[in-house]
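Good morning, and thank you for coming. I would like to walk through a few details of one structure, which I will now put on the screen.

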Amino acid sequence: MDGGDARKGGKAWSARSIGSRWQHRFFYTLIRIAGRRAARVMVVFVSLYYVLFRPSVRARSRPYLSRRFPGRNALLRLWDGYRITVEIGKVLVDRAALGILGPGQLTVRHSRREDLLERIREGRGLILATAHAGCWQFAMESLRMLETPVSLLLHREEGDVDLHIFEHRDDDAAFRIIDPAGPLGGAMEMLQVLKRGEVLCIMGDRSMGGDRSTVGVEFLGGRVRIPITPYQLASATGAPVVVIFPYNSGPGNYSLLVEKVIRVPEDLGRAPEAYRPYAEAFIRALERFTEERPYQFFNFFDMWNQEPLQ
Amino acid sequence: MTTVEKLKRILVEDLNLEELTPGDIDENAPLFGEGLGLDSLDAVELIVIVQKRFGIEIRDMEEGKAAFRSVQALASYIEGRLSGG
């Protein structure tokens, strides 16, 4: 959804990794030879290089960090940039290690597993609204514990050298991917997933563009546009929306925070404004997440500077 | 009322296409993008509308792509499904 072939909107972000192909290969090889911990140590140094000598990398995290930590001096801004670069580096290493070395490398803790199972038992499907936080792909893998098929709305950028967990190995992915750039923006596939009572996961913090599929909400003191897709689907199907954020809770440990359940009334129709309260509820939850774990929200584009489409 | 006419009326009413009347809709024009100008947001609504108004669930992706090409294509698809085709 979020654009799709039906409407070519202006997406302001890129899903491509900042690292080059050889850098990814270097880390993949290091993980194979020396293990995950060695690669995580290497991240600390590589991040330092990026932050000190690649201003473009610092610039990508600045819009978020300057709003999350307003009024910081230059040194602290550098520190913030370093911290978030290290954090995403570690997550990428963990993700690759999980794919290369297999399960057992990491553990995940679910705070409210029973809640999720209860929502699934309602039989109207389950929409998980999440954000680019923690190791979200690992969280998807961990949703195997729900014993229900999981689909993820995900646009894969052409030429992205950063591999998904399942692409490192031959087994099936724990989740099925629905491409929002596919026919009808993936609408038919998404509705079928929910109709079958399965789980559909959508990034609630990023849209592929198109004003009509987004609403403007306040986030960290500025206006951002976020997708209404999860709430529109919920209204069309009666599925509950559960806001989840995965995060790194310690060395080798991840937690899946089940933040809240959003209930959307049925038949709200096609006017984006009708979905604003639910988008607001999501963004407040994300704001709480960034307050508690500021270096685990991986937003590397200026989401406060998205021009409305005419 | 033919299925095409019924569909045009439903599109205007259920999708709240306030700027259009059923008579303004070219049944052969594309529903999405150029033509009627529906977008992916409307796709969800349209799929639900077809299900609610005609009791037809479109499961096959290829069928769906073809059916949602235009009002005429959708009408033919609905008629085919209702007649057991």
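This is a predicted model: local features need pLDDT of at least 70, side-chain atom pairs count only at pLDDT 80 or more; totals for chains, interfaces and linings use all residues.

Glu147(A) is not a glycine, yet its phi is positive, near 55°. Is Glu147(A) buried or exposed? It has 8 other C-beta atoms within 10 Å, and because residues with 12 or fewer count as exposed, Glu147(A) is exposed.

A second residue of this kind is Leu220(A), with a positive phi near 50°. Leu220(A) sits in the loop between β6 (214–219) and β7 (222–227) of chain A. Here 21 other C-beta atoms lie within 10 Å; the threshold for a buried residue is 20 or more, so Leu220(A) is buried.

I turn now to the contact between the chains. Chain A contributes 21 residues and chain B contributes 20. On the side of chain A, α7 (187–195) and α8 (229–237) are the elements that each give two or more residues. The largest share, 5 residues, belongs to α7(A). By type, the side of chain A has 9 nonpolar, 8 polar and 4 charged residues.

Finally, consider two helices within chain B. The axes of α1 (residues 3–14) and α4 (residues 71–82) of chain B come within 9 Å and cross at roughly 120°. The crossing is right-handed. Among the residues that meet are Leu7(B) from α1(B) and Ile78(B) from α4(B). The residues of this contact comprise 6 nonpolar, 2 polar and 2 charged.

Technical notes
Residues are numbered from 1 along each chain as its sequence is written. Chains are lettered from A and ligands numbered from 1 in the order in which they are written. Axes are lines fitted to C-alpha atoms, for helices over the stretch in contact, and angles run from 0 to 180 degrees between N-to-C directions. Helices (H or I, at least four residues) and strands (E, at least two) are DSSP runs, numbered from the N terminus. A crossing is left-handed if the near helix is turned anticlockwise from the far one by less than a right angle, and right-handed if clockwise. Two residues are in contact if their C-beta atoms, placed from the backbone, lie within 7 Å. Ala, Val, Leu, Ile, Met, Phe, Trp, Tyr, Cys and Pro count as nonpolar, Asp, Glu, Lys and Arg as charged, and the others, Gly among them, as polar.
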